[in-house]
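Dear colleague,

Please keep the structure open beside the text as you read.

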Amino acid sequence: MAARQPEGPPPPPVVQKLRIQYAKRGRLRFSSHRDFQRALERALRRAAIPMAYSAGFNPHPRISYANAAPTGTASEAEYIEIALAERREPEAVRAALDEALPQGLDIVDVVEVTAPGQLADRLQASVWQIEMFAGTPGEEAAEANDTAVRDVVERFLAAERVEVQRMTKNGLRTFDAREAVLRIEVEPSVTSRPGNGCAILSLVVRHNTPAVRPDDVLSAFRAVADFAPPSPPRVTRLAQGLLDEADGSVTDPLVPDRDGGGA
């Protein structure tokens, strides 16, 4: 028996690929990855972006998602790749798509794919910011919070291995949260929350398997020093991209495409 074939002509070929950097800000940090997928597909239709579609009985727009931040986490550096059936200027796509998305899901940059390789392969590490708020107002509480955070960071960095557990779709998994963390810096600061100081942690985390997330690092803090933030921390991904092993810096993954295929 001959295999069934979808009716009608095949979808138009891909003529252009674009890589997109977007941000999750404000209340939209609580949107899930699936929420973003639905919002993006609606926005692509509203913006009249000429998407290329897959073949088969259930065609869908050709969108590749890479390493999305956890729900509840803000981010300045999320990335996707889309395939178009007609060529468009990247800046025109950026403006139209940003206008079509809800405020808080913001398109930061769009570049045409010109360099070889997969986008996911360039996302080797992330820079995270964790704002650890003092539990109560006042200078004494802020100083105590800052001292406690610095102490737990020192203990964490001194450990060779810190095992944590996280529930995954395959069940409870135990893994080392220490090895993936390349650097932590602590800076006391004052935030917009009136009267409450906070210590700000900047982390550079290598993308291992399984991925070590900021909540895993906080679990590791409990393991090494029985420390838990006095109030819920605010977590933001500031960057993700190529990792320079020499100095632990993380560079923009879209640079090779902006350079026209250069390394």
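**Aromatic rings and pockets**

Ring pairs link Y22, F36 and Y65 into a cluster, and please bear in mind that this is a predicted model. Across the whole structure, a search finds 4 aromatic pairs. One of them is formed by Y22 and F36, which are stacked, with 4.1 Å from centre to centre and 10 degrees between the planes. Because Y22 belongs to strand β1 (residues 16-24) and F36 to helix α1 (residues 33-46), this pair ties together parts that are 14 residues apart in sequence.

F36 also pairs with Y65: their ring centres are 6.4 Å apart and their planes stand at 85 degrees, over the 60 degrees required, so this pair is edge-to-face. Here helix α1, which holds F36, is linked to strand β2 (residues 63-66), which holds Y65, across 29 residues. F36 is buried, with a relative accessible area of 2%, whereas Y65, at 26%, counts as partly exposed.

Turning to the pockets, the largest holds about 230 Å³ of space, and of the 16 residues that line it, N67, R166, A211, V212 and R213 are the closest to its centre. Its lining divides into 7 nonpolar, 4 polar and 5 charged residues.

The second largest pocket holds about 200 Å³ and is lined by 14 residues, with K17, I63, S64, E81 and Q118 nearest its centre. Strand β2 gives the largest share of this lining, 4 residues, and by class the lining has 8 nonpolar, 3 polar and 3 charged residues.

With best wishes

Definitions and conventions
Residues are numbered from 1 along each chain as its sequence is written. This is a predicted model: local features need pLDDT of at least 70, side-chain atom pairs count only at pLDDT 80 or more; totals for chains, interfaces and linings use all residues. Side-chain values use heavy atoms; hydrogens and water are left out. Rings of Phe, Tyr and Trp (its six-membered ring) pair if their centres lie within 6.5 Å; planes under 30 degrees apart count as stacked, over 60 as edge-to-face and the rest as tilted. Helices (H or I, at least four residues) and strands (E, at least two) are DSSP runs, numbered from the N terminus. Buried means under 20% relative accessible area, exposed over 50%, partly exposed in between (1.4 Å probe, protein chains only). On a 1 Å grid over the protein atoms alone, a cavity is a set of points where a 1.4 Å probe fits but cannot get out, and a pocket is an open set with protein on both sides within 12 Å along at least five of seven lines; lining residues have an atom within 4 Å of a point. Grid points are joined across faces, edges and corners, and a volume is the space filled by probe spheres set on the points. Ala, Val, Leu, Ile, Met, Phe, Trp, Tyr, Cys and Pro count as nonpolar, Asp, Glu, Lys and Arg as charged, and the others, Gly among them, as polar.
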